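Visitor: I have some questions about how the features of this structure get their names. Could you take me through them?

Guide: Gladly, here it is.

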Amino acid sequence: MCAPDAAITQYDPFSAECLSDPYPYYAWLRDEHPLYYVEAYDMWVVSRFQDVYDMLGNPELPFEAREGTVPTRAEMLVRNDGPVPPLPLQPVGGFTRIDQPHQGRLRGFINQPFRPRPVARLEDWFRDMVRADLPGVLAQGEFNLPVVFGLWTARTMCHLAGLPTEMAGDLRDAINESSAAIGNADLGLDPLDGLKRISRAAHLAVARRREAGADGEHPFVDGAINAVFEGRSLSDHEVAAQLVVPLIGGVETVPKVTSHGLWELTKNPDQLAAVRADLAATTSVAFDEMSRYCGPAQWFSRTVTAPVEIQGHRLTPGQRIIFLIQSAQRDPREFPDPDTFRWDRPMKRTLAFGHGGHFCMGMHLAKMEGRVILQEFLSAVEEFDFDDDAAVRSASSFQTGWDTLPVRIHRLADPS
Ligand code: HEM
């Protein structure tokens with residue numbers, strides 16, 4: 001287990017040290033400061049599994065996402081020094097930062113295709129698309145795995161939004177750039193530029209569905225076009241705003257989790273052999289452990305909206321509270337030997353997809369895509385490894401996923 005480092009005396013999620021390796025800081029926080037205060041951002045930090053689980057899952061607590069769930073450092077440096085008003089309902093912004101109960105209602109307009117049955121119906125389409133692509137991809141011999149997987153997840157989101165799948169590569173790149181840029185000035189990337197490109201794709205989806213009559217064929221978009229919210233219809237701009245975060249979540253996480261997960265399997269050949277032994281049965285179990293161990297998103301933020309006492313500390317309106325999902329997922333109080341990857345780890349519960357009102361809208365889609373990607377890749381490839389020295393992990397405060405993970409294909413499976 002990652003032991004707390006005696007040299008650690010403070011935690012700042014935006015510091016260079018934390019960005020390069022947050023795990024020793026998480027161990028220190030969990031052991032010594034389960035509720036930690038960061039003066040610079042007027043922010044509380046929750047690091048233990050049980051605390052994150054209890055607080056995110058308690059709708060009575062006055063924590064809302066009205067300042068966004070992944071603020072940048074510049075945004076965090078602005079002190080509120082008092083209550084932050086909720087965002088307006090007209091025009092209404094994207095549901096992920098609207099207060100309850102409106103968040104749940106807006107989300108309900110677009111989440112139909114992400115429910116278990118529609119996702120199950122999508123599986124053949126996704127598998128066929130992956131199978132059609134794989135031979136050409138594998139013929140390259142060496143390539144960046146998350147970029148290839150990211151094309152597949154981006155095509156899925158284009159398909160659901162009624163966008164041409166030819167747009168998938170641009171959408172994936174815009175999303176990866178905007179995530180990498182958050183809290184990472186060194187890269188010289190502008191998160192707003194990436195967000196503008198994602199927003200343009202969302203607006204195009206709305207225009208195309210309006211033109212096609214929004215007849216329900218693409219409920220991800222049509223659901224919001226046809227919705228009645230606060231006694232009125234949503235404008236095109238308001239509909240597009242609902243699509244942005246699902247597009248981001250739907251494109252970037254599964255590729256990072258599965259690529260990193262396959263890397264872990266190659267480091268543990270006995271585990272790779274065990275997964276290979278029965279792909280139909282093992283891959284969904286392996287994807288669960290990959291989601292725990294390889295989850296790229298580090299934390300999600302909320303703003304305190306009323307005075308509240310937590311663990312003997314008084315939290316006041318306008319302060320922030322962040323929930324360290326990746327610390328919780330490595331908490332030895334919940335997961336024995338948490339820093340070891342174990343494909344068939346028994347898990348009573350997980351925070352990989354969050355908890356409570358903002359619980360991941362795409363979990364069923366993520367699990368289907370992750371399972372199919374693992375099955376198809378491992379069925380087609382007999383021997384592969386990774387160029388460890390060329391692996392690069394984005395050092396954004398929001399994401400520590402491996403963006404560059406070159407895979408080398410040594411032997412394909414016999415097609416017979
Ligand atoms: C392995 C893949 C994924 C992981 C690990 C993951 C993880 C998470 C987590 C931890 C949250 C909670 C955020 C919070 O509490 O503020 C979340 C929210 C969300 N996820 Fe995912 N996600 C994944 C895939 C997807 C996919 C495929 C979609 C596609 C629609 C998606 C869409 C969303 C949305 C829209 C939210 C915000 C929900 C809300 O604020 O109500 N995610 N995700």
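Guide: Let's begin with a rule: two strands pair if DSSP finds at least two bridges between them. Helices (H or I, at least four residues) and strands (E, at least two) are DSSP runs, numbered from the N terminus. This is a predicted model, in which local features need pLDDT of at least 70 and side-chain atom pairs count only at pLDDT 80 or more, while totals for chains, interfaces and linings use all residues. Residues are numbered from 1 along each chain as its sequence is written, and side-chain values use heavy atoms, with hydrogens and water left out.

Visitor: How do you know that β9 and strand β12 pair?

Guide: β9 and β12 (residues 406–412) share five bridges in the antiparallel sense, and the rule asks for at least two, so they count as paired.

Visitor: What makes β4 and β9 edge strands?

Guide: The open sheet has three strands in the order β4-β12-β9, with antiparallel pairing. β4 (142–144) and β9 (381–386) each pair on one side only.

Visitor: Why is the aromatic pair of Phe 149 and Trp 152 called tilted?

Guide: Rings of Phe, Tyr and Trp (its six-membered ring) pair if their centres lie within 6.5 Å; planes under 30 degrees apart are stacked, over 60 edge-to-face, and the rest tilted. Phe 149 and Trp 152 are 5.3 Å apart centre to centre with 35° between the planes, so the pair falls in the tilted class. Both residues lie in helix α7 (residues 145–161), three residues apart, about one turn of the helix.

Visitor: Why does Phe 384 count as buried?

Guide: Buried means under 20% relative accessible area, exposed over 50%, and partly exposed in between (1.4 Å probe, protein chains only). Phe 384 has 9% relative accessibility, so it counts as buried. Phe 386 is buried too, at 4%, as is Phe 149 at 0%.

Visitor: How do you know that the charged end of Lys 267 sits over the ring of Trp 263?

Guide: The rule wants NZ of Lys or CZ of Arg within 6 Å of the ring centre and within 35 degrees of the ring normal. The charged end of Lys 267 is 4.0 Å from the centre of the Trp 263 ring and sits over it.
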